[in-house]
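Here are my notes on this model, point by point. Please read them with the structure open.

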Amino acid sequence: MAERIRINFISLFLPLLSLFLPCTVAIGAPTPAPWPVQFHSILFINSSDGLLQVTDLWYDWPNGRNFNIIQHQLGKKLYDLEWNNGTSFYYTLDANKECKTVHFPVGILRPNFLDGANYTGQEHRDGFLCNVWEKADFITYYEDVETERPVSWTFFSGMRAHVMTFEVGKVLDEPNWQAPVYCFEKAKNKVDYATLLLEPTPTSGLNLMREITNIPTGSNRVLVS
């Protein structure tokens, strides 16, 4: 009798277990969606000291290039053109013809630059329920739970970017990727990348992001800060 009850209990319990088991296996920390290989995004950025800027971000991984067109509030428009060979140009297109040329040890951000980030849970940010990750004690990244689009990210310095638009597959017209000729004319335009990383400019956080997030997992490389 006892044996029959035990068999009947097992026969009833196993189907119920099979219902819950897939859910149990699926439970775990989510991973951030890789960036699309090509997209255009408008970012509203507030620096740690309250300076505001709007950035047109054009990301083009297949062609090894990234472009940040930065409009400072009531101020200068700066063009930050980055190539995967490590070369970056920082220039204006006004009468001053300013340009700095920098060579970085790494190229542009990889689409999976958040690999290895630590999942910290869910938070509401800018009106969206977001999954949140931290990486290298440097960046906190917020991604919309429903659409997996980036919503915001914050650098360790307090600089915060808010994603206003996110157009997957949109590419900037080819002529706009060419740095002006005066970027190639003057040797004095070339500056050491470590100096640029430490400059208190709107691009500093982005440059450090390139450096830190492109370091392979397990690397013992140390950055000066």
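1. Glu143 faces Pro150, a residue of β10. The strands concerned are β9 (residues 139-144) and β10 (residues 150-155). Their pairing is antiparallel and runs over five bridges. Keep in mind that this is a predicted model.

2. Now the whole sheet. Eleven strands make up an open sheet, and the pairing is antiparallel. The order reads β6-β5-β4-β3-β2-β1-β11-β10-β9-β8-β7. Two strands sit at the edges: β6 and β7 (118-125). Each of these pairs on one side only. From one strand to the next, the twist averages 20°.

3. How many disulfides does the structure hold? The count is one. The bond links Cys99 with Cys183, at an S to S distance of 2.0 Å. That falls within the 2.5 Å cut-off for a disulfide. The angle about the S-S bond is 110°, and the link is right-handed.

4. Which parts does the Cys99 and Cys183 pair tie together? Cys99 belongs to strand β6 (residues 99-103). Cys183 lies in the loop between β11 (160-168) and α2 (193-198). The pair therefore ties together parts that are 84 residues apart in sequence. β6 is also one of the edge strands of the sheet.

5. Cys130 has a relative accessible area of 0%. Buried means under 20%, so Cys130 counts as buried too.

6. On the surface, look at Phe44, Val54 and Met164. These residues form a nonpolar patch. Together they have about 260 Å² of accessible area. Phe44 is part of strand β1 (residues 38-46). Its relative accessibility is 30%, so Phe44 is classed as partly exposed. In the sheet order, β1 stands between β2 and β11.

7. Last, the loop between β6 and β7, where Gly116 is placed. Is Gly116 buried or exposed? Its relative accessibility is 77%; exposed means over 50%, so Gly116 counts as exposed. Gly116 and Thr31 are 85 residues apart along the chain. Their C-alpha atoms are separated by 8.8 Å.

Notes. Residues are numbered from 1 along each chain as its sequence is written. This is a predicted model: local features need pLDDT of at least 70, side-chain atom pairs count only at pLDDT 80 or more; totals for chains, interfaces and linings use all residues. Side-chain values use heavy atoms; hydrogens and water are left out. Helices (H or I, at least four residues) and strands (E, at least two) are DSSP runs, numbered from the N terminus. Buried means under 20% relative accessible area, exposed over 50%, partly exposed in between (1.4 Å probe, protein chains only). Patches are made of residues with over 30% relative accessible area and no salt bridge: like charges are joined within 9 Å, nonpolar side chains (Val, Leu, Ile, Met, Phe, Trp, Tyr) within 5 Å. Accessible areas come from the Shrake-Rupley method with a 1.4 Å probe; for residues, only the protein chains shown count as cover. A salt bridge is a side-chain nitrogen of Lys or Arg within 4 Å of a carboxyl oxygen of Asp or Glu. Two strands pair if DSSP finds at least two bridges between them. Axes are lines fitted to C-alpha atoms, for helices over the stretch in contact, and angles run from 0 to 180 degrees between N-to-C directions.
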